[in-house]
Amino acid sequence: MRRSQIIGFGSYLPKKIVTNDDLAKKLNTSDDWIRQRTGIEQRHIAADDELTSDIATNAARTALKDAGLEADAVDLIILATATPDNTFPATATRVQSNLGVRRGAAFDVQAVCAGYVYALAMADNMIRLSQAETAVVIGAEVFSRILDWDDRGTCVLFGDGAGACVLRGAEVGGTNADTGILSTHIHSDGDYYDMLYVDGGPSTTGASGYLRMEGKEVFRHAVQRMSEVVTAALDHNDLSVDQLDWLIPHQANKRIMDSIAKKLTLPDDKIVVTVDRQANTSAATIPLALAEARTDGRLQPGQLVALTALGGGFAWGSALLRL
C-alpha cells in the first residue's frame with residue numbers, strides 16, 4: 001500500500017525571548033504563579049517585521065535541508081495557522097513563492113491548535129491517493145499579535161514559532177510495523193465555539209480582535225478528547241498504549257499533558273515536552289516538538305509515535321506514525 005513517510009524535520013523560533021519575570025514587570029503575576037499553573041518558563045516573540053510567512057518559510061527550509069531535497073521536489077504545501085499574513089490569499093502561497101516552488105498546490109488550514117494534525121491528515125490523504133508525491137506540512141503562528149497583553153489569564157500562555165515536516169509517498173507492506181503515517185483521526189464540535197475564540201474578524205468587527213478563553217472548560221475537554229483520540233488511533237491499528245515509544249501532545253499546559261498521561265497510563269518519560277521553553281505556539285507546537293526530539297536523538301527509526309491536539313472550535317485529532 002502507499003503510505004506517507006516523514007523524511008525531514010525543521011523548526012524556527014524567533015530570537016526574542018520573554019520570560020515570566022519580564023511579564024511580571026507589567027502584569028499582576030509572577031514566575032511562580034505561571035509555572036505552577038502552566039509549567040511555562042518563557043516564550044519566543046516574533047520581531048515587529050517578522051510575519052507568519054517568514055517563520056514558516058524558515059522552518060520549511062530547515063525541513064527540506066534535513067530531507068536532502070530541493071524546492072523542485074515539492075508539489076504540495078499545507079500551512080496550519082490561525083494567524084495568516086492577510087485575510088487572503090493563503091499564507092502558504094507566500095511560503096511557496098519564498099521557497100521557489102513552482103508547481104503543485106499551496107493552501108492554509110485553520111483549526112487553531114489542532115491545525116497541524118488537520119494539515120497532516122490532509123497531506124497524508126492526498127499522498128495516499130497519489131494526488132501529491134512530496135509535501136511540506138507546516139505549523140506557524142504569531143499569536144503575540146492577537147493577545148490582550150493586559151489579560152494575565154491568556155497572554156502568559158502563548159508564544160510564536162514554526163515547525164515543519166517533509167512527507168513523501170512510499171510503497172510499504174501495509175502492516176502497523178511498516179514505516180509512515182499509520183492513520184489520522186480528526187473531529188470537531190461547534191457547540192463549544194465560544195469557549196476559545198478571537199473576538200474579531202472580517203465579517204464581525206473588521207479587525208482581528210483578541211484571544212478569549214474559558215480556561216477551565218478548555219482544560220477539561222482537552223484532557224478528555226486528546227486521551228480519547230489517541231486511544232482511538234491505537235485501537236484502529238490494533239496497537240496498545242504500552243507499545244507507544246512517544247506521545248507528542250499539543251503543548252498547551254504541562255498540567256494538561258500530565259493529566260493525559262495519567263488517563264492513558266503512560267509514563268512521563270514517554271512524553272515530549274517543550275511548553276516550558278516555548279509556551280503554547282498553537283499549530284506549531286507539535287512540529288516544533290517533533291523537530292526537537294529528532295535533533296536531540298530521542299526519535300529513532302522504527303519507533304511508534306502518537307500526536308494529539310485540541311484547539312478552538314472545538315477541533316481535535318490524532319495521528320499515529322511509525323518512524
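This is a predicted model: local features need pLDDT of at least 70, side-chain atom pairs count only at pLDDT 80 or more; totals for chains, interfaces and linings use all residues.
Trainee: Is asparagine 253 buried or exposed, and how should I read the value?

Mentor: The general idea is that a residue counts as buried when its relative accessible area is under 20%. Asparagine 253 has a relative accessible area of 10%, and is therefore buried.

Trainee: Which backbone atoms does the side chain of asparagine 253 reach?

Mentor: A polar contact is a pair of N or O atoms within 3.5 Å. Here the side chain of asparagine 253 reaches the backbone oxygen of arginine 37 at 3.1 Å, and it also reaches the backbone nitrogen of arginine 255 at 2.7 Å.

Trainee: Turning to the largest nonpolar core, which of its residues touch the most other members?

Mentor: This core has 46 residues, of which Leu234, Leu244, Leu247 and Leu320 touch the most other members. Helix H7 (215-236), H8, strand E12 (304-311) and strand E13 (315-322) each supply at least two of its residues, and the largest share, eight residues, comes from H7.

Trainee: What is leucine 320 in contact with, leaving aside its neighbours within four places in sequence?

Mentor: The contacts of leucine 320 include Leu234 and Leu244, together with Gly180, Ile181, Leu304 and Val305. A second, separate core of 39 residues includes Ile6, Ala111, Ala123 and Ala289.

Definitions and conventions. Residues are numbered from 1 along each chain as its sequence is written. Side-chain values use heavy atoms; hydrogens and water are left out. Buried means under 20% relative accessible area, exposed over 50%, partly exposed in between (1.4 Å probe, protein chains only). A polar contact is a pair of N or O atoms within 3.5 Å; within protein, one must be able to donate a hydrogen and the other to accept it, and residues adjacent in sequence count only if both atoms are side-chain atoms. A nonpolar core is a set of buried Ala, Val, Leu, Ile, Met, Phe, Trp, Tyr and Cys residues joined through side-chain atoms within 4.5 Å. Helices (H or I, at least four residues) and strands (E, at least two) are DSSP runs, numbered from the N terminus. Contact means heavy atoms within 4.5 Å.
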